[in-house]
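The sequence and coordinates come next.

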Amino acid sequence: MVCESQFVRAMPGYGDVSTHAEVEPLVAVVPSLVEHILSSASRADASDVHFELGDRMMVRVRRDGMLRPAFAAPRHIGRLMMGRLRALGKIPLCRAGNAESSFSLHCDHAVVRVRLSLTAVVGGEKAVVRFLNHGAHLQLRQLGMLARDLDRYDRLIRSPGLVLIAGPAGSGKTTTLYASLERLAHPGVNVMSLEDPVEMTLPGVVQIGVDHGLTGFQSCLAAVMRQDPDVIAIGEIRDHDSAIAAVRAALTGRTTLASIHAEDGTGAAYRLTDLGIPHPLAGAAVVGAVSQRLVRTTCPACRGTGCARCGQTGYDGRTGVFEVLSLPPRLSGALAAGAPLEAARSIRMGLDQPSLSAAAEQAVTSGLTAWAEVSGLVEGGHDTR
Ligand SMILES: [Zn+2]
């Protein structure tokens with residue numbers, strides 16, 4: 001049996017939300033409790049909040065890429081919290097199993113758009129709330145590119161041809177794509193994007209949601225081409241359909257941006273050929289490839305030793321580490337001719353363009369982050385130093 005004072009018990013390690021530990025629990029406050037957890041997480045710049053209902057309710061918050069326990073409550077309170085989430089997402093109580101919804105949350109005079117995903121799990125239910133505009137306010141120069149890379153990238157995204165934005169899942173590709181489109185969008189330019197799904201709306205960009213099962217990227221692209229576009233974005237290239245759409249758009253001479261899952265810039269260009277694009281077409285279409293990772297930045301208050309501000313982790317916030325690769329004729333020629341990926345990588349190594357590991361090293365030496373954060377980037381992989 002759970003006694004009254006244990007009804008709502010926060011777990012340590014999460015600044016703002018854990019202050020709720022002291023609030024006397026009452027069933028009547030469950031709705032505002034749920035909203036408080038969400039708005040506190042939003043204020044703390046979290047990307048996701050996980051509500052896990054099993055024997056008890058556990059709430060964890062993802063911030064700077066790491067999940068941290070934030071809150072715990074007994075099961076019957078947890079059921080009410082799940083009910084409140086369903087109400088916010090207008091998901092009927094009777095609907096068991098998986099459900100998705102999105103809704104707006106009012107937080108400090110701002111409207112925060114969130115996506116709610118519910119799923120039945122063994123012994124209970126799990127809900128994940130994702131803040132859709134997380135990090136989206138960032139401008140290109142705030143992402144963490146080195147000054148000379150930023151200049152080169154700015155020229156790349158203003159030239160005709162395909163620029164790929166590459167990285168593993170959760171590396172901030174979408175943020176870079178959106179920041180690039182915002183940079184390009186002005187009244188004299190028609191910027192159009194094809195996305196599956198549209199994660200958030202961008203001012204000055206005409207966004208089209210591609211229903212993968214029904215229409216596909218290629219037929220949407222045909223419609224977009226009749227709309228006199230100057231810049232076309234594909235988010236993201238996952239299969240042959242989206243790959244061929246990106247290559248076609250680029251070969252018409254438009255500036256084309258697309259995100260793609262790949263390890264490095266050279267690998268991103270070659271990924272198109274894995275997806276069934278003939279080597280000569282890939283070589284003709286791709287003009288540049290950016291690859292990126294997110295690393296945690298050293299807490300400025302304690303310089304990494306751990307303090308209250310950073311929850312004793314030594315880190316506060318994240319930044320991108322970038323390789324900005326503009327393909328010289330020698331490299332795109334190798335791709336077009338079907339040279340092996342390793343041969344192309346050795347050509348890339350000879351270029352005077354900093355690799356991902358060189359950018360990571362620079363981030364450490366400038367005090368932005370710690371060796372531990374970039375060890376995987378600097379020691380291993382295919383990057384040059
Ligand atoms: Zn600190």
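Which glycine just after H8 takes a positive phi? Glycine 276 does, with a phi of about 95 degrees. The model is predicted, local features need pLDDT of at least 70 and side-chain atom pairs count only at pLDDT 80 or more, while totals for chains, interfaces and linings use all residues. Residues are numbered from 1 along each chain as its sequence is written. Helices (H or I, at least four residues) are DSSP runs, numbered from the N terminus.

Helix H8 (residues 265–274) is largely enclosed by the rest of the structure, because eight of its 10 residues are buried. A residue is buried if 20 or more other C-beta atoms, placed from the backbone, lie within 10 Å of its own. Among the buried residues of H8 are Thr266, Ala269, Tyr270 and Leu272.

The axes of H6 (residues 216–225) and H7 (residues 240–251) come within 7 Å and cross at roughly 30 degrees; axes are lines fitted to C-alpha atoms over the stretch in contact, with angles from 0 to 180 degrees between N-to-C directions. H6 and H7 are therefore roughly parallel to each other (angles under 35 degrees). Gly216, Phe217, Gln218 and Leu221 of H6 make the contact with residues of H7 including Ile244 and Arg248; residues are in contact if their C-beta atoms, placed from the backbone, lie within 7 Å.

Nonpolar cores are sets of buried Ala, Val, Leu, Ile, Met, Phe, Trp, Tyr and Cys residues joined through C-beta atoms within 7 Å.

| Core | Size | Residues include |
|---|---|---|
| Largest | 68 residues | Leu162, Ala246, Ala269 |
| Second, separate | 26 residues | Leu33, Ala73, Ile77, Leu116 |

Terms used:
Helices (H or I, at least four residues) and strands (E, at least two) are DSSP runs, numbered from the N terminus. Angles under 35 degrees count as roughly parallel, over 145 as roughly antiparallel, 65 to 115 as roughly perpendicular and the rest as oblique. Two residues are in contact if their C-beta atoms, placed from the backbone, lie within 7 Å. A residue is buried if 20 or more other C-beta atoms lie within 10 Å of its own, exposed if 12 or fewer, and partly exposed in between; C-beta atoms are placed from the backbone.
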